[in-house]
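Dear colleague,

Please find below the structure that I am handing over to you. My notes on it follow.

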Amino acid sequence: MNSSKNLLKVENLSKVFPNGDREKVVFSGINIDLAEGESISIAGQSGCGKTTLLLIMAGLTAPTGGTLSLNGKIYSNPSSDIALVLQDYGLPPWKTVEDNIRLGALLQNIPVSDDEINDLKSHLKIEGLDHLYPHQLSGGQRQRVAIARILLLKPKLLLLDEPFAALDALTRERLQKLLLNIFRQRGLSFIIVTHDVEEASLLGERIMVMDSNGGGISAVIDNPGFLSEGYRDTPEFFERIKQLREVLKASD
Amino acid sequence: MPKYVSYIITSAVALSVWYAVSSQLGALLLPDPVSVLSLLLIEAGSAEYWAHVGASSWRIVAGMGLAFIIAVPFGLVVGSNPKLNKIVSPFISMSYPVPKIVLLPIILLLFGIGDLSKIILIMLIIFFQVFITSRDAARNINEEMILSFRSLGGNKLQYYRHIVLPASLPGIFTSMRLAAGTAVAVLFFVESISATHGLGLYIIDAWGRADYTSMYVGIVSMSLLGILLYEFFEILERKTCKWKHTQ
C-alpha cells in the first residue's frame with residue numbers, strides 16, 4: 001500500500017435491505033483504507049453489492065452500519081471532494097456539452113475560467129463539441145464529458161461505477177489509458193468497481209474482491225506494477241488476471 | 001418541408017373536400033367555403049365579432065393558464081416525492097374519472113354565470129391531464145441521472161430547476177396541446193349554456209336563427225382558436241426543448 005496520508009477510511013460498513021419479513025444482507029464488515037494518490041479496483045460477481053458500496057462511499061445511500069471518513073472527518077452526505085462517474089454517464093440530455101461540463105461548478109457556485117475549461121477539453125479531446133447534446137455524441141465522448149465535468153470540480157477522490165462497461169473494446173482501452181494518465185498527472189485517488197477482471201487488474205494498485213454471499217471483502221490482491229509502461233502486455237498482468245479469476249471463482 | 005407549406009397544402013385539401021361535400025349536400029346544410037370565408041372577412045371588420053372572439057379567448061387562455069400554473073408545479077413535486085405521491089395518488093385516481101362537465105350546475109351556483117365559472121370548469125378539466133403527465137414525467141426520471149446530479153452537489157431547488165422541469169417539459173407540452181382540443185370543446189359547451197358573449201354563443205345563436213353561414217363562421221373561428229393554442233404550445237416546446245429536435 002502507498003505510504004501517503006490516508007484519504008478515505010471505511011470502517012465495518014454493512015448494508016441490509018428489507019426483504020419481505022426477512023432481511024437481505026448485501027455486505028457486512030467492510031474495511032477499506034485508501035491513501036492519497038492510490039487506486040483500488042473492487043471486483044465481484046453481479047449483485048454482490050459493488051454499486052451499493054460505491055453509492056454509500058459517495059454519500060448517496062445510507063449504510064446500515066459502520067462509518068466513513070474523508071481526511072479524518074466522518075461524513076454521510078455527498079462531498080465536493082468526492083466525485084462519482086456512472087456507467088450511463090448521468091449527463092442531462094437537455095444540456096449541451098458546454099453546459100454539462102459547467103453543471104457541477106454551477107451547482108456548487110465554483111467560479112471557473114474559460115481557459116480552465118478549454119484546457120480540460122483539449123486534454124480530454126472533446127473540443128468543438130460545445131453546442132452538441134449528449135445524444136449527438138459517441139459513448140466514448142459522453143464519458144469524456146462526464147469526466148471533464150467532475151475534473152472541473154477538482155475532487156480528491158473519484159468513484160467510478162463500471163464507467164466503461166457500455167463502450168466498445170478500443171474506446172474502453174483508450175479511456176482506461178486516459179484515466180491512468182489523469183491519475184498520474186493530478187495525483188487523484190480513485191476507486192473503481194467493475195466485474196471485468198482485466199479492467200480490475202489494469203486500474204487498481206490493490207484489487208479487492210467482494211464476497212457474493214453478504215460477506216465483506218473476501219480477498220485483497222496487491223498489483224504493484226499496474227502503472228508501469230505497457231503493463232497490459234506483460235506476463236505479470238496476465239498472471240494477475242488469472243489470480244483474480246481464481247479468487248472470484250472461490251468467492252462465488 | 002417547412003411547416004407553413006404543409007399547413008397551406010392541408011388547408012387546400014380540407015377546403016376542396018369541404019367544397020365538394022357542400023356542393024353535394026346543398027348550401028342549406030353545408031354552405032360552401034367561399035361564402036363562409038367571405039362572411040368571416042366581413043365579420044372581422046365588426047367590433048361585435050371581436051367581442052365574441054375576445055371573450056372566448058380570455059376564458060380559454062385563463063382556464064388553461066390556471067391549469068398549467070397549478071398542475072405543473074404540483075405534479076412535479078408529487079412525482080418527485082414517492083411518499084407524497086402515495087398520499088395524493090388515490091385522490092387523483094378517484095377524482096380523475098369523474099366527468100367534471102357534470103359539475104357545471106354546481107359551478108354555476110357557486111361562481112355565477114360570468115366568466116369565472118367558465119374559466120374554473122376549463123381549468124378543472126385540463127388540470128387532471130396536465131397534473132398526471134407532469135407527475136409521471138417527474139416520476140420516470142432516470143435513477144442514475146438523479147444520483148449523478150446529487151453527487152455533483154445539487155440541492156433540492158436546483159434539482160427541480162436543472163433536472164425535473166426540463167425532463168418533464170416535452171410531456172407537459174404534449175399534454176397542453178392535447179388539452180387545447182378538450183378546452184375548446186368545454187368552452188363551446190359552457191358558452192352555449194350561459195353567456196352574453198363568446199364564440200359558443202355565436203354558433204348557437206346563428207343555429208337558432210337558421211343562419212348556417214354565420215354558424216360556420218363561428219365553427220371556423222372556434223377551430224382557429226384551437227389551432228392557434230395548439231401551435232402556441234408546439235412553438236413553446238420547440239423553443240424550450242431544443243435538444244428534442246436535434247438529430
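In chain A, strand β9 (residues 206-210) is joined to β10(A) by five bridges, and the two run antiparallel. Within this pair, Val209(A) lies opposite Ala219(A) of β10(A). Strands and helices are DSSP runs numbered from the N terminus, with at least two residues (E) for a strand and at least four (H or I) for a helix; two strands pair if DSSP finds at least two bridges between them.

The model is predicted: local features need pLDDT of at least 70 and side-chain atom pairs count only at pLDDT 80 or more, while totals for chains, interfaces and linings use all residues. Residues are numbered from 1 along each chain as its sequence is written, and chains are lettered from A and ligands numbered from 1 in the order in which they are written.

Both strands belong to an open six-stranded sheet of chain A with mixed pairing, in the order β6-β7-β8-β3-β9-β10. Because β6 and β10 (217-222) of chain A stand at the edges with a single partner strand each, one side of each is left without a neighbour in the sheet.

The contact between the chains takes 19 residues from chain A and 17 residues from chain B, where contact requires C-beta atoms, placed from the backbone, within 7 Å. On the side of chain A, β6 (82-85) and α2 (97-107) each supply at least two residues, and α2(A) gives the most, with three.

In chain B, Pro166(B) is located in helix α8 (residues 156-193) and touches Pro92(A) and Trp94(A), leaving aside residues up to four places away in sequence.

With kind regards

Definitions and conventions:
Contact = placed C-beta atoms within 7 Å.
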